[in-house]
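Subject: Structure handover

Hi,

Here is the structure I promised you. Please open it alongside this note. My findings follow below.

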Amino acid sequence: MSRRMNATGTLVVPVLAWVTYIFLMAPSLIVVPISFGSGTELQFPPRDLSVDLYRQFFTDPSWWGALTQSLFVALCVTVLTTAITVPAAYALNRARLPGTGLWKALAMGPLLVPMIVLALGLYLQLAPYGMLNRTVTVVLTHSMLAIPFMMVSVSASLRHLDPAYEQVCLIMGASKATIFFRVVLPQLKSGIAGGALFAFLISLDEVIVSYFITGPETETLPVKMFSALRWEISPVIAAVSTLLTVVSLVLALAMMRLERKGQAT
């Protein structure tokens with residue numbers, strides 16, 4: 001009896017997993033063919049196959065400008081988040097600081113607050129000081145949202161790093177800065193790379209907070225897509241969605257590869 005139950009469980013779990021994957025992928029399987037259509041309407045299946053929608057995207061200054069802004073902000077967020085979170089995670093996991101639990105909770109705080117509440121609070125705080133519609137504001141805000149994910153990735157790598165290596169280097173006369181840059185960082189490269197990819201994707205896909213703090217000069221691609229869906233049904237959105245799906249898939253595969261390398265190491 002127990003063998004039958006185990007066999008049934010072994011069969012049911014993969015089936016449920018595949019059903020869930022198909023359910024989640026179904027919208028993409030519809031959007032991708034639509035992106036290769038033509039005309040001014042969203043049609044599935046498309047009547048004619050072409051790359052007109054992609055041509056419109058890359059030739060329209062408003063779409064191309066939003067993409068450029070999103071990529072620039074995402075790169076800045078990745079660099080800033082890495083520079084802040086890596087030393088902070090190392091200090092919180094290695095140093096015996098008072099209130100370490102509180103600092104870790106504050107670092108994970110953005111995950112605990114509903115995004116719409118966070119967006120409204122940022123708007124009310126930044127608007128009186130004229131800080132809206134500025135690229136630096138968007139970078140700082142996205143970095144705040146990405147820090148928890150980078151913190152989790154780096155902290156997980158630190159838990160697999162034996163502190164004995166650092167103690168041996170300290171006994172041999174190496175400075176703490178030398179130990180951090182020449183011993184710790186090389187062993188955290190997979191966790192840092194994974195966290196950096198997370199930060200890039202979070203910034204590239206963020207729409208709710210960006211909608212409150214951006215303007216015509218700082219409009220990101222997700223905000224542009226949201227506005228296009230709200231005020232006009234442009235078929236170019238299908239091409240943009242397909243491009244973002246491909247980028248997200250490539251980065252997700254890269255993160256999986258980095259995670260496997262980290263586990264092997």
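A helix here is a DSSP run of H or I with at least four residues, and helices are numbered from the N terminus. By that rule, serine 70 is found in helix α3, residues 61–94.

Please keep in mind that this is a predicted model. The mean pLDDT of the protein is 79. A value of 70 or more is reached by 88% of the residues. Confidence is lowest in helix α1 (residues 2–35), with a mean of 70. It is highest in α11, at 88.

Overall make-up

The protein has 13 helices and 0 strands. Of its 265 residues, 35% count as buried. Contacts between residues at least 6 apart in sequence were also sorted by separation: 73% of them join residues at least 24 apart.

Serine 70

Is serine 70 buried or exposed? Its relative accessibility is 2%, and the cut-off for buried is under 20%, so serine 70 counts as buried. Its side chain reaches the backbone nitrogen of leucine 221 at 2.6 Å. Leaving out residues up to four places away in sequence, serine 70 touches Leu204, Thr220, Leu221 and Pro222. One of these, Leu204, is itself a buried residue of α10.

Helix α10

Helix α10 covers residues 189–205, which makes 17 residues. From first C-alpha to last it reaches 24 Å, close to the 24 Å expected at 1.5 Å a residue. Its buried residues include Gly191, Gly194, Gly195, Phe200 and Leu201. Ile192, Ala196, Leu197, Ala199 and Ser203 are buried in α10 as well.

Helix α6

How far apart are the end C-alpha atoms of helix α6? They are 16 Å apart. That agrees with the 16 Å that the 12 residues, 115–126, should span at 1.5 Å a residue. The buried residues of α6 are Leu118, Ala119, Leu122 and Leu126. Seen down the axis of α6, these buried residues fall within an arc of 100 degrees, so they line one face of the helix. An α-helix has 3.6 residues a turn, so residues three or four places apart point the same way. What does the buried face of α6 pack against? Its buried residues pack against α7 (135–159) and α11 (208–213).

Best wishes

Terms used:
Residues are numbered from 1 along each chain as its sequence is written. This is a predicted model: local features need pLDDT of at least 70, side-chain atom pairs count only at pLDDT 80 or more; totals for chains, interfaces and linings use all residues. Side-chain values use heavy atoms; hydrogens and water are left out. Helices (H or I, at least four residues) and strands (E, at least two) are DSSP runs, numbered from the N terminus. The expected span of a helix is 1.5 Å times one less than its number of residues. Buried means under 20% relative accessible area, exposed over 50%, partly exposed in between (1.4 Å probe, protein chains only). The arc is that of the directions from the helix axis to the C-beta atoms. Contact means heavy atoms within 4.5 Å. A polar contact is a pair of N or O atoms within 3.5 Å; within protein, one must be able to donate a hydrogen and the other to accept it, and residues adjacent in sequence count only if both atoms are side-chain atoms. pLDDT is the predictor's confidence in each residue, from 0 to 100.
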